[in-house]
Amino acid sequence: MLKGLYVHVPFCFRKCYYCDFVSGISPKSDYVQEYFEALNNELKIYSYLYDFSTIKTLYFGGGTPSLFPKEIAKISEFISRFSSIEEITVEANPYYNFSPYDFEFATRISFGVQTFSEKYLKILGRDHSSKDSVRSIQKATDFFSVNADLIFGMPKQSPAEYLEDIKKLLSLGVDHISCYLLEIHEGTLLWKMMSSGLSLDLPENIEDFFDVQEYIEEAGFVRYEVSNFAKPSSECKHNLLYWNREDFLGVGVSAWSKIENVRFCNTKNIREYINNLREGKLPIEVFDKIEGFRVVEEIIFLGLRKIQDGISLGELYKEGLDVSGFLDTLKSMYSDFLIFDENRIRINKQHIPVIDEITARLIVVAERFYKFKDGLNKIELSRNY
Ligand code: SF4
């Protein structure tokens, strides 16, 4: 049952130095009109194939979808014909003269602030200034639920500078903050600089930056996912769909979807995307059927990221895990890292900086207690979760 729809808009005026999304295509290029026609065709095809009446969240990401308020309002209107949408998010670049009235159809605006330091904005290759962020957020908070993305771990950045960013953002009255560690992805400008031997001086003690994030919780936000903090009831419903492994459709170039146990992804090539849809063909490039132990892996990987909810043992049980053996082993080996609630396992917050390592270890343990390992139905499951 489809719960959400993601719409990818790949246009931005310039490509930021760290960005590895399919983005940065000029909003003045000839592609724009053709792209939105293709998007509308893709949505029409899916509206015949799937029941849209269950869609509750709509997310316009990119790229910079806020450059095209009319086009995305039309898409929003089309989806609203099938279902009453509870949450509509639009990603926005603070640079553009943000007008709330252009986005009356939306409930949430997500600004790519990243930092308030002019020095670091330049290092990231962003085209906006600190003043742009302040102005845009101030205009938005009276009308929408507002998120801002912050990046940490930038070259030579100190935790004290990061704290300044957090304090500034909190003073602007946002109700959601997403905090991402700067990652150097292959193909980005920062990656090319590093590969050519230039040192970026990335900070070594990343744990200190995570310590600073406690300040956000002290200000009344709940850390509901590893990278996401929200005021009570301001969690992003759309992103929760992903972590809860619910069904969603993604349209647009490079967009991923998940329907039942299949994840599938559109082509990353905008020309191919447009041409396929012009011929009435879906532009899907990758199909990935998630079955067997990979479902268990997903439940662990995504569940552990949810700081409040954690991993559901009931779900693991349904997928064929000997939950008793799994739990006993975790309690004896990793009790410092995990919190064991009734039927759930959560990460101990102080170990968030090493969550990837903990996830990998949980998966190794789970493999030992997987019922269908080697094709044998070896383990008798006795308890009900
Ligand atoms: S504005 Fe956002 S999507 Fe566009 S290049 Fe920069 S980081 Fe990537």
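**View 1. Arginine 81 in the loop between α2 and β3.** Arginine 81 is placed in the loop that runs between α2 (69–80) and β3 (87–92). In this predicted model, arginine 81 counts as exposed because 9 C-beta neighbours lie inside 10 Å, and the cut-off for an exposed residue is 12 or fewer. Lysine 237 is 156 residues away from arginine 81 in sequence, and the two C-alpha atoms are 20 Å apart in space.

**View 2. Arginine 135 in helix α4.** Helix α4 spans residues 130–140 and contains arginine 135. Arginine 135 has 16 C-beta neighbours inside 10 Å and therefore counts as partly exposed. Between arginine 135 and leucine 172, which are 37 residues apart along the chain, the C-alpha separation is 9.6 Å.

View 3. Strand β1 (residues 2–9) is mostly covered, with 7 of its 8 residues buried. Strand β2 (residues 57–62) runs parallel to β1 and is joined to β1 by 6 bridges; within this pair, glycine 4 stands opposite threonine 57. Strand β9 (residues 247–251) also pairs with β1 in the parallel sense, here over 5 bridges. In that pairing, tyrosine 6 stands opposite glycine 250 of β9.

**View 4. The cis peptide bond between glycine 62 and glycine 63.** The peptide bond that joins glycine 62 and glycine 63 is cis, with omega at about 15 degrees. Glycine 63 belongs to the loop between β2 and α2.

**View 5. Two residues other than glycine with positive phi, glutamine 114 and lysine 156.** Glutamine 114 has a phi of about 70 degrees, a positive value although this residue is not a glycine. Glutamine 114 lies in strand β4 (residues 108–114) and is buried, because 24 other C-beta atoms are found within 10 Å. Lysine 156 likewise has a positive phi, near 65 degrees. The loop between β5 (145–152) and α5 (159–171) holds lysine 156, and this residue counts as exposed because it has 12 C-beta neighbours inside 10 Å.

**View 6. The buried face of helix α10.** Helix α10 comprises residues 270–278, and its buried residues are Ile270, Tyr273, Ile274, Asn276 and Leu277. Seen down the axis of α10, these buried residues fall within an arc of 165 degrees, so they line one face of the helix. An α-helix has 3.6 residues a turn, so residues three or four places apart point the same way. Arg271 and Arg278 are exposed on the other side of α10. The packing partners of the buried residues of α10 are α1 (31–49) and β11 (262–266). Just after α10, glycine 280 adopts a positive phi of about 80 degrees.

**View 7. The largest nonpolar core and the surroundings of phenylalanine 152.** The largest nonpolar core contains 85 residues, and the members that touch the most others are Val7, Ile109, Ala148, Leu150, Phe152 and Ile177. At least three residues of this core come from each of domain 1 (2–242) and domain 2 (293–375). Leaving aside residues up to four places away in sequence, phenylalanine 152 touches Gln157, Tyr162, Cys179, Leu181, Leu182 and Phe209.

**View 8. The contact between domain 1 and domain 2.** The domain assignment divides out domain 1 (2–242) and domain 2 (293–375). The C-alpha centres of the two domains lie 30 Å apart. In the contact, 8 residues of domain 1 meet 7 residues of domain 2. On the side of domain 1 that touches domain 2, α7 (206–212) and β7 (222–225) each supply at least two residues. The element that gives the most to this side is β7, with 4 residues. By class, the side of domain 1 that touches domain 2 holds 5 nonpolar and 3 charged residues, and no polar ones.

**View 9. The open sheet of β13, β15 and β14.** This open sheet has 3 strands in the order β13-β15-β14, and their pairing is antiparallel. β13 (311–312) and β14 (338–341) are the edge strands, each pairing on one side only. Strands β14 and β15 (residues 344–347) run antiparallel and are joined by 4 bridges. Aspartate 341 has arginine 344 as its bridge partner in β15.

Conventions:
Residues are numbered from 1 along each chain as its sequence is written. This is a predicted model: local features need pLDDT of at least 70, side-chain atom pairs count only at pLDDT 80 or more; totals for chains, interfaces and linings use all residues. Two strands pair if DSSP finds at least two bridges between them. A nonpolar core is a set of buried Ala, Val, Leu, Ile, Met, Phe, Trp, Tyr and Cys residues joined through C-beta atoms within 7 Å. A residue is buried if 20 or more other C-beta atoms lie within 10 Å of its own, exposed if 12 or fewer, and partly exposed in between; C-beta atoms are placed from the backbone. Domain bounds come from an automatic or database domain assignment. Two residues are in contact if their C-beta atoms, placed from the backbone, lie within 7 Å. Ala, Val, Leu, Ile, Met, Phe, Trp, Tyr, Cys and Pro count as nonpolar, Asp, Glu, Lys and Arg as charged, and the others, Gly among them, as polar. The arc is that of the directions from the helix axis to the C-beta atoms.
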